[in-house]
Amino acid sequence: MRFFLIIVFLLVSSFSFAEKDIDVVVSKKIINASRIQDVPKIDGILDDEVWKNVPIATDFIQNSPNPGNKPSQKTEVKVLYDNTAMYIGATMYDVSKDSIMRQLSQRDEEENTDLFAVFLDTYKDGQSGYGFVVHPTGVQWDARYSATQGQDVSWNAVWISAVSMDENNWYVEMKIPYSAIRFPEKPIQEWGINFARKIRRIREFNFWNEVNPEVNGFVNQWGTLMGISDVEAPVRLMFTPYVAGYVEHYPYNVTGKSNYSKSINGGMDVKYGINDAFTLDMTLIPDFGQVQSDNQVLNLSPFEVQFNENRPFFMEGTELFNKGSLFYSRRLGGTPINYNAPYNQLDDNEEVIDNPVESQLLNATKISGRTKSGLGIGVFNGVTKSMFATVKDTVTGQTREVLTDPLTNYNILVLDQNLKNNSYVTLINTNVTRSGSFYDANVTGGMFKLNTKKNVFSLSGKGIVSQKYFSSDSVSLGHRANIDFVKEGGNFKFGIGYNEIDDTYDPNDLGYLYNNNIRDGYARIGYNIYKPFWKLLEFWSSIRTYNARIYNPDKYADFNINTEIGGTFKNWISAGLFYTAEPLETYDFYEPRVWGRFHAWQTSNNFGGWISSDYRKRIALDLNTNYRKFSAENRYRFNITAGPRFRFSNKFSIVYTLGRYEFVNDEGAALDLYGRGTFIGNDIIFGKRNQTTYENVLSANYIFTNKMGLTLRVRHYWSNVKYNTFHVLDENGHLTPSNYDGLDFNGESLHNTNFNAFNVDMVYRWVFAPGSEISMVYKTSLLALNNNISASYAENFNKTFEEPRAQSFSIKVLYYIDYLSLKKKK
C-alpha cells in the first residue's frame with residue numbers, strides 16, 4: 001500500500017510538468033464543398049466538367065513514420081454535392097504504376113495495399129464519425145468511429161466508388177448518398193472531415209488535417225467541411241430479404257433416423273430512418289448458419305468462456321449499447337438457461353434424445369441516434385422462443401418435453417450525453433424478462449468521462465447495480481464501481497484507478513463478467529516516443545503495479561508488478577519484451593469452488609516477448625513466447641506461438657498460426673471430464689497436472705476480383721491434461737498429501753482429459769450488386785472429449801477423425817432494396 005501511495009503522489013505531482021509536453025496547437029483546416037447540377041459519372045476518371053474549378057484539399061501531413069513531416073507524394077481531393085449525395089474526387093500522385101501496392105482482399109479487409117479514405121463527422125461533435133475507404137483494386141471498406149469504441153469495421157453502408165490508374169498516378173471517385181449517413185436537419189451544414197492516404201511501399205500514412213499521435217483522440221483531430229446548404233435527409237428505408245438453403249450431414253447411424261437433413265429459411269433485415277438523427281434496424285427470422293465457427297477450448301477454470309460475436313446484426317452499430325460493457329450479445333441465442341435440467345429429471349429407462357444447445361432468436365430491433373444537443377439514445381429489444389428437450393422412454397417409446405428455456409425478452413436503454421472536450425455522461429439499463437416461474441434480471445448503471453481542454457487528462461468512473469428477481473419477496477442486489485484518473489496525451493503517460501465489485505453483483509443475464517467479489521487498484525507510468533530516433537521509428541514503455549483483495553471476506557488476493565518495452569525499427573521489424581513479478585503468494589478464492597476457501601499460488605516470475613516482421617515482404621513472421629517460473633519445484637508454464645504469412649500473389653495468400661502451450665505441475669481442482677470438482681467428505685481434492693495444448697489455424701484467401709472471393713479457415717485445437725498426484729487443500733490454501741488415487745473401479749482415470757475441436761469454414765462470396773450478395777458455405781465441425789490421451793500429435797489427429805463430425809453446405813442470397821430506388825423506377 002505504501003508503494004501504491006508513493007506512485008500516486010509522484011503521478012499527481014507531475015501534473016504541471018506533464019501538461020507542458022503536449023503544448024500542441026491542434027489546427028483545423030477548412031474545405032468548401034461545391035454544389036453541382038450535373039452528376040459526374042462514377043468511373044474513376046476525373047474528366048467530368050463538374051470537377052473543374054473547385055476548391056482542392058492538399059498539403060497532407062504525415063502521421064507516420066515521421067509525424068508532422070511533409071508526405072513523400074502529393075495528394076489532391078475535391079468535394080462536390082447535390083440534393084442526394086456528396087461526391088469525392090481524389091488524385092494520388094506517385095512515381096510509377098508499379099510502385100502502387102494493390103493486394104486484393106475481401107470487403108472491409110485491408111491487406112498489403114495503398115488506400116485512400118474520407119472521414120465524416122456530420123454532427124461535428126468530435127466524438128463520432130464515418131469512414132469510407134477505397135483501395136487501388138477498387139475494394140471498399142467502411143467503418144464507424146467513436147470515442148469509446150474506436151474503429152468499428154462491422155458497420156456497412158451502400159455507396160459507390162470507382163478507381164482508375166495511369167502510368168504514374170491513381171484516382172478515386174466516390175458517391176456517398178445521404179441515405180448512408182445521418183446529419184442534422186438545418187439549412188447550413190458544417191461537418192468535420194478528413195482525408196487519408198496510405199503509401200504502403202514505404203509504410204507512410206498521411207492525413208489532410210494533421211492527426212498527431214501525441215494528441216488523445218481521432219475524430220477530434222479532423223478538419224472542417226463547409227459550403228453544404230439546403231439539403232434534406234432522404235427517406236432512409238432499406239430492405240434486405242434473404243433466402244437460404246441448407247443440406248446437413250451427421251452420422252447418427254440409427255435405424256429410422258436419416259443422417260441427412262435439409263431446410264430452406266427466409267427472413268429480412270429492415271433499416272428505417274425515423275428522422276434525420278434516428279435509425280431503426282430490425283432483423284426478422286434471422287439466419288446465422290453461415291457465420292464463422294467458434295474457437296472452442298478446454299476450460300478448466302471456474303469461469304465462463306467468452307466467445308467473439310460473428311453475427312453481423314449484433315456487430316454493426318452497437319457503439320451505444322456497448323457502453324459500460326453491459327451487453328454481451330451472445331446471450332441472445334445462447335445456451336438455454338436450464339440446458340442440464342432434462343438430465344437431472346430422468347426416470348428409469350428414460351434418455352434425452354434431443355436437447356438444442358442454442359435458443360432460437362425470433363427477432364431483434366435496434367433504435368439509435370443522437371440529437372442536435374448531443375444526446376445519444378439507444379433502444380434494443382430481442383425475443384427468443386421457448387426451447388424444449390425431448391425425453392424418450394426406451395421401453396414404451398413414449399416421449400415427453402422438458403422446458404429448458406422460456407420465452408425471453410431482452411431490452412437495453414441507453415442515454416449518452418456528449419459534453420465538451422470529448423467528455424460524456426451515460427445512463428444504461430438492461431433488462432431480461434422470462435415467462436413463467438423463471439427469474440428476471442435488471443442492471444442499471446451510470447458512467448462518465450471528463451477530459452481537459454487539450455484532451456490530455458481524463459477522469460472517468462462508473463457505478464452499476466444488478467438485480468435478480470426470483471419472486472416478489474426475493475431479490476438479489478449487487479453493485480460495482482470504479483474510478484480512473486489518466487493522462488492520455490503526450491509522450492509521458494500515467495494512470496491510477498480503483499475498482500470494486502461485490503460478491504452478489506451479476507450482470508450475466510445480458511452482459512459478461514469474468515468474476516465478481518473483488519476490489520483492486522492499479523498505478524501505471526509510461527513513456528512513448530512517436531518520432532524516429534536512433535534505429536527506431538517509434539518506441540513505447542510502461543511499468544504497472546496491481547493490488548487486489550477479495551471484497552467478501554476482505555482478504556488479500558494478489559500483488560504484481562509488470563513492465564514492458566517495445567518499438568518498431570527502421571527496417572519495419574517490431575518487437576517487444578515484458579516481465580511480470582509476483583513477489584507474494586497469490587490467493588485464488590475461485591478455484592476451490594467452495595465459498596470462503598482459497599488456493600495459494602507460489603510466487604512467480606514471468607518473462608516474455610514478441611517479434612513481427614515486415615508484412616510488405618512476400619514471407620513474414622509473427623512470433624510470441626513467454627516463460628513463467630513458479631517458486632515451487634518444477635512448476636512452470638511455457639507458451640510459444642508462430643504465425644508465418646505467405647503472399648503468393650496479389651490474389652492468393654495464406655496465414656498459418658501454430659501455438660503450443662505447456663503447463664507443467666500446474667495446480668488446480670481435480671476435475672472430471674465434465675468440469676465437476678472432487679470432494680471427499682469436507683475435503684477439497686486438488687491435483688498437480690500437466691496440460692499441453694496445440695492450436696493450429698490455417699487461413700487462406702483467393703480473391704478473384706474486388707467483388708468475389710474464396711476464403712478457407714481450418715482450425716484444430718488439441719488439449720490434454722494428465723494428473724500426476726492428488727492432494728487435499730488445507731485451510732491455509734496449501735496442498736497436503738492425500739490417499740485419493742483418481743481411478744474408477746476399472747483402474748481408469750477419472751480426471752485425465754483429452755479434448756479435440758476441429759472446424760472447417762470455406763466461404764465463397766460474390767457481391768453482385770451494391771449491398772447484395774450470394775454466398776456458398778461449407779462447414780465441418782467436430783468435438784471430441786474423452787480420457788484417452790494419445791502419445792503423439794499425429795496419433796491424436798488420426799484418432800480424432802474416427803469421431804463423428806457434422807458437415808453442412810449452404811447457399812444464401814441477400815438482395816438489397818432501397819425504397820428511393822424503387823420510387824425513382826416507379
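N720 sits in strand β41, which covers residues 708-729; strands here are DSSP runs of E with at least two residues, numbered from the N terminus. With a relative accessibility of 10%, N720 counts as buried, a label that means under 20% relative accessible area, while exposed means over 50% and partly exposed is in between (1.4 Å probe, protein chains only). Setting aside neighbours within four places in sequence, N720 is in contact with N690, Q691, T692, T753, N754 and I789, where contact means heavy atoms within 4.5 Å.

A word on the model itself. It is a predicted one, in which local features need pLDDT of at least 70 and side-chain atom pairs count only at pLDDT 80 or more, while totals for chains, interfaces and linings use all residues. Residues are numbered from 1 along each chain as its sequence is written, and side-chain values use heavy atoms, with hydrogens and water left out.

Next comes an open sheet. Five strands build it in the order β2-β4-β5-β11-β10, with mixed pairing; two strands pair if DSSP finds at least two bridges between them. At the edges are β2 (34-35) and β10 (160-165), each of which pairs on one side only. Moving through the sheet, β4 and β5 pair in the antiparallel sense over seven bridges, and L80 stands opposite Y87 in β5. Eight bridges then join β5 to β11, again antiparallel, with I88 having M174 in β11 as its bridge partner. β11 is largely enclosed by the rest of the structure, because seven of its eight residues are buried.

M174 turns up again in the packing. The largest nonpolar core has 36 residues, and F116, F132, M174 and F195 have the most contacts inside it; such a core is a set of buried Ala, Val, Leu, Ile, Met, Phe, Trp, Tyr and Cys residues joined through side-chain atoms within 4.5 Å. The elements giving two or more residues to this core are β4 (75-81), β5 (85-92), β6 (115-121), β7, β11 (170-177) and β12 (191-199). Not counting residues up to four places away in sequence, M174 touches a list of residues that includes I42, M86, Y87, I88, F116, F132 and W159. A second, separate core has 31 residues, among them V414, Y439, A441 and A557.

Five residues lie between β24 and β25 in their hairpin, and G436 in the turn has a positive phi of about 75°. β25 is also joined to strand β26 (residues 457-471), antiparallel, by 12 bridges, and here M447 stands opposite K462 in β26. The hairpin of β25 and β26 has five residues between the strands too, and N455 takes a positive phi near 60°.

G461 lies in β26 and counts as buried, at 6% relative accessibility. Leaving aside neighbours within four places in sequence, G461 is in contact with G446, M447, F448, N482 and I483. G461 and K449 are 12 residues apart in sequence, and their C-alpha atoms are 6.7 Å apart in space. K617, by contrast, is placed in the loop between β35 (604-612) and β36 (619-630) and counts as exposed, at 52% relative accessibility. The C-alpha atoms of K617 and N112 are separated by 9.1 Å, although these residues are 505 apart along the chain.

The structure holds four cavities of 30 Å³ or more. A cavity is a set of points, on a 1 Å grid over the protein atoms alone, where a 1.4 Å probe fits but cannot get out, and lining residues have an atom within 4 Å of a point. The largest cavity contains about 300 Å³ of space, a volume being the space filled by probe spheres set on the points, which are joined across faces, edges and corners. Its lining has 21 residues, with S128, R144, E319, L320 and R370 nearest the centre. β7 (128-134), β8 (140-146), β19 (361-370) and β23 (408-419) are the elements that give two or more residues to this lining.

How values were computed: 1 Å grid on protein atoms, 1.4 Å probe; cavity = no way out; pocket = protein on both sides within 12 Å on 5 of 7 lines; lining within 4 Å. Helix = DSSP H or I, 4+ residues; strand = E, 2+ residues; numbered from the N terminus.
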